[in-house]
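Me: Hi! I have a structure open and would like to go through it with you. Could you take a look?

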Amino acid sequence: MLAVGIIRGKKGVYDFEIPKPVITRPDEVLVSVKEVGLDGTDFNILRYNLQDIAEGRDKMVMGHEMSGVVEEVGKAVKSLSPGDPVVVTVRRGDDIDQPCLHNQSDMCLTGLFTEHGIHKLDGFLTEYTVAEEQYVVRVPQKLARLAVLAEPVSIAEKGIQQIKHIQSRIHWYCGHSEHSWQSEQWGGCRVALVVGAGPLGLLATALLRLAGVSTYTSDLLPESHPRIKLLADTQTHYIDARKKTPKEVVQLCCTAGNLDIIFEAAGAATTAVALIPYMSRSSIYVMTGIPREELNMKLDAAKLVHHIVSYNQVVVGSVNSNRRHFETALKHMPVINERFDGLLDKMITHRFPLTDYKKAFATTGSSAIKTVIEVEPWD
Ligand SMILES: [Zn+2]
Ligand SMILES: [Zn+2]
């Protein structure tokens, strides 16, 4: 079957033939791939020639954001049947440590995990894939066409889950019991800044708004840009940060008091670090972007540590997601779409058939929000 990916020692993306996978264990599921979304990780694999191919292999299929349909199930599979729309999660656990043995491979302790299309494991830019039942999440039929966005939404969900878990250290944030961390409207009386208005920044903004958080979203684009116009549906306050210092950006968010949450979704290292000294008391800063360039900056380490300690601050990194984050994402996706005028549909700006993969990988720049490759379009 046709596959698209990288070849050892050769820069760029290519198509090649691979054998159709088969079920070899009773807990496995054969999935026919429908759509694959591209994101910064895919573009960076090509841009920086990051060839993380398994030893003994000379090729790796790319693509880690997918939707598909169950084709066949192993004898022990209980939760899925042929014809079910599904998404397959990205990371396979190492079968060694407790997080991986208990469906939390996103928090792996050994680093011996693999990742479809990113780290040692074939991705989804092909016709079929086989995965264990625990990594295959059923999608409601109505949501099948948007399911390709479940992975990026799950990344935003995990970042927000970290915020809720960690900030539960402050039992009473405001005087309203309806704004407790366990409630759906936990974000009432909270203020957040989302750094970056790319797909992840857009989704994080939408989820924070859904929870009632008063949000600001910053990027280096004019307000007239289509991507920023899309953001307007979430009623976030946009900050054009091109001519503003980190201090000025935070001050804009603090007009009503503290800035409780910073959600970094830009992967710009200097900006990310430069915001730390301006964090509010007892606030949290979650970083999700992975910088690729090496950047050196001058830092007053003593001042930084002093600020972090005396202000009770948390800076936390968040990467990957597990099936619970996918399930939460699938629950929130129809609500996002309804509340924010079809935001998820509007986010998919480009679609290409699999044979046009070179065009899809060349579709970058700020006007492209999410590019989707149709392996076999939904009918
Ligand atoms: Zn592990
Ligand atoms: Zn409140």
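Me: Which residue in strand 4 does isoleucine 6 stand opposite?
Reply: Isoleucine 6 stands opposite methionine 60. Before we go on, this is a predicted model, where local features need pLDDT of at least 70, side-chain atom pairs count only at pLDDT 80 or more, and totals for chains, interfaces and linings use all residues. Residues are numbered from 1 along each chain as its sequence is written, while chains are lettered from A and ligands numbered from 1 in the order in which they are written.

Me: Thanks! How many bridges hold strand 1 and strand 4 together?
Reply: Strand 1 (residues 2-7) and strand 4 are joined by three bridges, in the antiparallel sense. Two strands pair if DSSP finds at least two bridges between them. Strands (E, at least two residues) and helices (H or I, at least four residues) are DSSP runs, numbered from the N terminus.

Me: What sheet do they sit in, and in which order?
Reply: An open sheet of three strands, with the order 2-1-4 and antiparallel pairing. Strand 2 (10-17) and strand 4 (59-61) are at the edges with a single partner strand each, so one side of each has no neighbour in the sheet. On average, neighbouring strands here are turned by 40 degrees against each other, direction ignored.

Me: OK, zooming out. How many helices and strands does the protein chain have?
Reply: Eleven helices and 19 strands. The C-alpha trace spans about 60 × 45 × 40 Å along its principal axes.

Me: What is the radius of gyration of the protein chain?
Reply: The protein chain has 21 Å, which agrees with the value near 21 Å for a compact globule of 379 residues. That radius is taken over C-alpha atoms, and the globule rule is 2.2 Å times the number of residues to the power 0.38.

Me: And what share of the residues is buried?
Reply: Buried residues make up 41% of the 379. A residue is buried if 20 or more other C-beta atoms lie within 10 Å of its own, exposed if 12 or fewer, and partly exposed in between, with C-beta atoms placed from the backbone.

Me: Is strand 3 enclosed or open?
Reply: Strand 3 (residues 28-38) has ten buried residues out of eleven, so it is largely enclosed by the rest of the structure.

Me: Which strands does it pair with, then?
Reply: Strand 3 runs antiparallel to strand 5 (residues 65-73), with eight bridges. Five bridges join strand 3 to strand 10 (residues 128-132), again antiparallel. Strand 19 pairs with strand 3 over four bridges, also in the antiparallel sense.

Me: How many bridges link strand 5 and strand 6?
Reply: Two bridges, with strand 5 and strand 6 (residues 85-88) antiparallel. Valine 69 has proline 85 in strand 6 as its bridge partner.

Me: Changing topic to helices. How do helix 3 and helix 9 cross?
Reply: Their axes come within 8 Å and cross at roughly 105 degrees; helix 9 covers residues 323-339. Axes are lines fitted to C-alpha atoms, for helices over the stretch in contact, and angles run from 0 to 180 degrees between N-to-C directions. Helix 3 and helix 9 are therefore roughly perpendicular (65 to 115 degrees counts as that, under 35 as roughly parallel, over 145 as roughly antiparallel and the rest as oblique).

Me: Last one: where is serine 366?
Reply: Serine 366 is in the loop between helix 11 (357-362) and strand 19 (370-374). Serine 366 is partly exposed, with 14 other C-beta atoms within 10 Å. Not counting residues up to four places away in sequence, serine 366 touches Leu221, His225 and Arg227 (contact means C-beta atoms, placed from the backbone, within 7 Å).

Methods:
Contact = placed C-beta atoms within 7 Å.
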